[in-house]
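User: I would like to learn how to read a chain interface and a sheet. Please take me through an example.

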Amino acid sequence: MVSFEAPAENPSDQSPVDGVADSGQKLSQVGSGNGNMDTFEGYTQGPYGIDDHPLARDNANWQVTGNFATIFSPAPCNVGQQTHFVPLGGAEFDETCRV
Amino acid sequence: MPRLVASMLAILGELAAFLAGGCSWGHVRDRERILFSTIGTRLFQDYVFSIRPNGSGLKAVLKPEPNRSYMFASANSMSGPMLVTVHELAPGNDKVEDHLYFWSPDVDNWQRVLPGSAPQGPGILSPDGNSAVYCARSVGSPPETSLRVVDLRTGESRELVAADSFKGLYLPSWGVLGKIAFIRTFRSGGLRTELLEMPSHGGEQTVLVPPEDGAMSAAYSPDGREIVVWMKEGLEIVALDSGDRRVVLKRASIGSDYSFRSWGMGGLAWSEEGQIALSLLKKKTGESELWIVNADGSNPKRIYATTAGQILVSQFIQ
């Protein structure tokens with residue numbers, strides 16, 4: 001997952017966020033794929049705001065959650081959740097917090 | 001291929017570059033290239049490229065491998081050593097870490113800059129190439145990032161700006177007059193950013209752009225007397241002696257479909273020839289675009305675009 005935040009002064013721009021909790025759960029396997037993990041948890045890392053999960057199964061449908069409450073108090077954008085198909089080779093899930 | 005034929009092909013290639021570059025043979029513009037990376041949309045799909053400022057001659061400098069890719073590179077010349085942020089699989093194969101390497105392209109020698117256990121992230125070379133400033137992220141909750149300077153001859157690292165749990169430190173730029181500028185972020189009714197500057201050996205920090213102007217990325221001019229900043233109004237140049245500011249590229253002039261996506265490092269570059277390079281994200285198409293504009297604001301143009309990743313400008317090199 002890649003986590004971003006829209007700056008207050010430039011809401012159309014994006015700045016990476018460090019330390020956002022991300023988690024994922026495989027919903028269904030479409031065909032044979034790579035990897036051996038059906039769930040993952042972690043934190044995005046600065047300065048890029050990226051958290052990679054190299055062992056997560058691909059060629060599958062995933063539900064991925066980004067929880068900004070780990071770094072914001074109070075969290076202005078709380079939890080973002082996406083469900084996508086992840087093709088062979090992987091995919092990127094972007095979560096942007098807009099206040 | 002016979003050497004003579006190879007030489008003739010090389011001459012033809014240079015002739016094509018000469019014609020594409022506006023016929024300025026022998027001029028520095030022909031030798032200048034923009035060094036940039038593309039942050040891929042999948043794991044280990046991050047490249048380092050170079051391209052001429054006219055958009056010709058795209059060249060992959062570092063291509064990803066099965067278990068490593070290249071997030072950012074800093075260099076003072078194409079032939080000289082590069083400071084490279086390598087995104088690579090950690091022991092155990094279950095996570096990915098960033099490590100700083102010093103790469104010598106001529107002999108393809110890779111050397112770790114810091115021990116693997118040391119907090120490290122992307123960095124940029126000093127103008128003399130003897131040191132680098134980098135983001136050092138420690139694991140914690142909340143995570144903290146400090147700015148550190150490493151002497152590349154001895155491997156000794158020192159803290160430049162201490163970490164603060166409530167403030168982020170990103171996007172250092174090192175000017176030829178011995179100053180380092182950086183972005184500090186904090187939260188107060190949303191994400192706020194400010195641009196500060198300090199001597200590279202440490203000392204007092206000066207605010208160059210206050211939080212209300214929303215600085216996102218900065219790069220020094222080649223003479224170190226000005227700094228170009230992407231901020232609320234768009235691309236602006238700040239004179240460091242007087243504080244005078246002038247808008248180079250108004251955000252409104254490029255349309256609302258564009259946004260600036262910062263990656264915590266790089267993002268802008270300023271050439272000896274007075275050109276500024278930046279990347280913009282076209283929201284409608286998802287294309288990441290590399291733009292060039294003259295420092296006087298004239299001739300803004302897109303020179304390259306891709307959907308395979310997000311362009312992250314590093315610097316102009318020769």
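Predicted model: local features only at pLDDT ≥ 70, side-chain atom pairs only at ≥ 80, totals over all residues.

User: How many residues of chain B are in contact with chain A?

Analyst: Two residues are in contact if their C-beta atoms, placed from the backbone, lie within 7 Å. Here 36 residues of chain B contact 26 residues of chain A.

User: Which strand of chain B gives the largest share of that side?

Analyst: Strands are DSSP runs of E, at least two residues, numbered from the N terminus. Strand 14 of chain B gives the largest share, three residues.

User: In what order do the four strands of the open sheet in chain B run?

Analyst: Strands pair if DSSP finds at least two bridges between them. The order is 12-13-14-15 in chain B, with antiparallel pairing. Strand 12 and strand 15 (206-209) of chain B are at the edges, each with a single partner strand, so one side of each lacks a neighbour in the sheet. Three bridges join strand 14 to strand 15 of chain B. B:Glu197 has B:Thr206 as its bridge partner in strand 15 of chain B.

User: Is B:Phe182 buried or exposed?

Analyst: Buried means 20 or more other C-beta atoms within 10 Å of the residue's own; exposed means 12 or fewer. B:Phe182 has 23, so it is buried. B:Phe182 lies in strand 13 of chain B. Its contacts beyond four places in sequence include B:Leu147, B:Val161 and B:Leu196.

Definitions and conventions. Residues numbered from 1 in each chain as written. Chains lettered and ligands numbered in written order.
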